[in-house]
Structures are given as structure tokens and as C-alpha cells.
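Please take a moment to look over the sequence and the model below before reading on. The paragraphs that follow go from the whole chain to its parts.

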Amino acid sequence: MTDFQGLKALVTGGASGIGRATAELLAARGAEVAVLDLDPSGVDKPLRAYAADVTDDTAVRDAVAAAAADLGGLDVLVNNAGIGAQGTVEDNDDAQWHTVLDVNVLGIVRTTRAALPHLRLSTAAAIVNTCSIAATAGLPQRALYSASKGAVLSLTLAMAADHVREGVRVNCVNPGTADTPWIARLLDAAPDPAAERAALEARQPTGRLVSADEVAGAIAYLASPLSGATTGTALAVDGGMQGLRLRPV
Ligand code: NAD
């Protein structure tokens, strides 16, 4: 793993789960890291914390500007903040669609728009979006969430094309089910959490959930100069689900 000495990174949704693991990994490798989150109160030094909702364009602009000023620039943007939704198209009303797309898709648009002027000044500019296997897997009971992540995948490719000649690489990671507070909340709400967890583990070829640190490792690779010739790709971190062409039941 390359070191991030001298690089400045901003991680959205960096107070929990995959975002937190990513922020801590980048900092451990020498980056100066800022976290943008709805609730960054639990974020400890050396990470810098900025409270903002990615659905609030003014708050995002202010937080990105403050982070770039405090860090002295921006080389890496990790667009990771996201929320879930369960059900078929009959289960989610328009308001739920607007809410999830606002966070998962427009959230990326807003932070990227605010960060690009800073990233263009970097000689090691990279954007990594946290997408999901849901973008392409055809998961049952995940219509809205899958559509939002399908949009993240398309957006990643479009952004990669738009900014490649400006020296800004754009890639995404597609995690399978990752062991984060989000999944812990889902399991806690299930009638039989242990059985639900076993079912989630069984659908991944490795027979276990992905760890937040494993997703963070993939994000760090795509954020680092080690992947300097890679842009417009989606890296699966899914225990083999996508690569082995296994469909969940
Ligand atoms: P998490 O709930 O543990 O962490 C998400 C973080 O995002 C939280 O700190 C939360 O406060 C922040 N956040 C949520 N909405 C926000 C908003 N509007 N503005 C600013 N911050 C906001 O979740 P996680 O499991 O670490 O998921 C992180 C990302 O990974 C999401 O984009 C999710 O879709 C994706 N993902 C997760 C899994 C999984 O199984 N955990 C699988 C595939 C993809």
C-alpha cells in the first residue's frame, strides 16, 4: 500500500462504517483527512470533522471550502455518505424515492461540484464513490436502493470521462454486504437477527460478510497514485458475488 504523505483527503459519511474505516486508513498512511458527516461528533483527532448534510448544497459548499482551506488543498474526495431503502417499487412512495436519491446520488453531485476546483489544482487528484453490488446484481426487495446505486455507477463513468483530461481520476467500489453499523441496525430490526445474519453470510461465496476495513483498502488503492492509470472502473469488494456470477436468493 502506497503512503499518502502530503495528500489531503475528504471523506463523506466518514463518521461510521466504511467511511470511518477509510478516513482512519488514509490518516494512518500519512494523509491529512477531513470527515464530512451529518453527525461527526464521535470523530477523533487527527481527523478533522465538518458537520454537513449532503442534501444541503450551501452546507456542502461551506464544509468543502472550510476543509480545503484548513487542509491547504484537496487531492482525494471519497463520496461515501449513503442511506438504504428496502422493498419493491410498490413499497416506497415518491417522498422516499426523493429522499434516497437526494442523499445517494445528488449528494455525490454536490460534494463533487464543490471539490472539483480544488482537485484540479492537485497532481494526484482522485475521486472514489462508494457504490454497491446492488447497482448491477438485481437484488430482490431493493428497488429504490438499487436504482440509486445504478445511478452512482453511471455517474462515476460519466465523471471519469468528463474530468480525465483535467487529471482527475474517478472510480467506485462495489461492496457486498459489509459488516458496519448500518447492517447491525438492519439485523437488530429483523425478527431473528442470527438467522438473518447467517442468510447474508451464506449468499457471499466467501461465506462471511465483507469487513469495513476491506472496503477501505479498496477505496485507498483507488485514491492512491498506485492506481494512477485507472479511471472509470468499479472495483468489486463483495466476497466473490459479482466475479463468480452467483446470484443471491
Ligand atoms: P453507516 O450507516 O455505518 O455510515 C454512513 C455514514 O453516512 C454515517 O456516518 C451517516 O451519518 C452518514 N450520512 C448518512 N446520510 C448523510 C447525509 N445526508 N449527509 C452526510 N452524511 C450522511 O453505513 P455504511 O454501511 O458504512 O455505508 C457507507 C456507504 O457504503 C453507503 O454509501 C452505502 O450505500 C455503501 N454500501 C454499504 C454496504 C453495507 O453492506 N454496509 C454495502 C454496499 C454499499
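How many helices and how many strands make up the secondary structure of the protein chain? In this predicted model, the chain comes to eight helices and nine strands. The radius of gyration is 17 Å, close to the 18 Å that the globule rule gives for 249 residues, so the chain is as compact as a globular protein of that length. Along its principal axes the C-alpha trace spans about 50 × 35 × 35 Å, and 47% of the 249 residues count as buried. If we take the contacts between residues at least 6 apart in sequence, 72% of them join residues at least 24 apart.

We can turn next to the sheet. Seven strands form an open sheet with parallel pairing, in the order β3-β2-β1-β4-β5-β6-β9. At the edges stand β3 (48–51) and β9 (234–237), each with a single partner strand, so one side of each is left without a neighbour in the sheet. From one strand to the next, the twist averages 20 degrees.

Strand β1 (residues 8–12) runs parallel to β4 and is joined to it by three bridges, with Leu10 standing opposite Leu77 in β4. Four bridges join β4 to strand β5 (residues 125–130), again in parallel, and here Val78 has Val128 of β5 as its bridge partner. In a regular strand the side chains alternate between the two faces of the sheet. In β4, accordingly, Val76 and Val78 point one way while Leu77 and Asn79 point the other way, and all are buried. Together with helix α3 (residues 94–119), β4 and β5 make a right-handed β-α-β unit.

Helix α5 (residues 143–163) lies across β5, β6 and β9, running at about 165 degrees to β6. Helix α8 (residues 212–223) also packs on the sheet, where it touches β1, β4, β5, β6 and β9, and its direction makes about 165 degrees with that of β6.

Finally, consider helix α1 (residues 17–28), whose twelve residues reach 16 Å from the first C-alpha to the last, close to the 16 Å expected at 1.5 Å a residue. This helix is mostly covered, since ten of its twelve residues are buried, among them Ile18, Arg20, Glu24 and Leu25. Just after α1, Gly30 takes a positive phi of about 110 degrees.

How values were computed
Residues are numbered from 1 along each chain as its sequence is written. This is a predicted model: local features need pLDDT of at least 70, side-chain atom pairs count only at pLDDT 80 or more; totals for chains, interfaces and linings use all residues. Helices (H or I, at least four residues) and strands (E, at least two) are DSSP runs, numbered from the N terminus. The expected span of a helix is 1.5 Å times one less than its number of residues. A residue is buried if 20 or more other C-beta atoms lie within 10 Å of its own, exposed if 12 or fewer, and partly exposed in between; C-beta atoms are placed from the backbone. The radius of gyration is taken over C-alpha atoms; the globule rule is 2.2 Å times the number of residues to the power 0.38. Two residues are in contact if their C-beta atoms, placed from the backbone, lie within 7 Å. Two strands pair if DSSP finds at least two bridges between them. A crossover is right-handed if, with the strands pointing away from the viewer, the path from the first strand over the helix to the second runs clockwise. Axes are lines fitted to C-alpha atoms, for helices over the stretch in contact, and angles run from 0 to 180 degrees between N-to-C directions.
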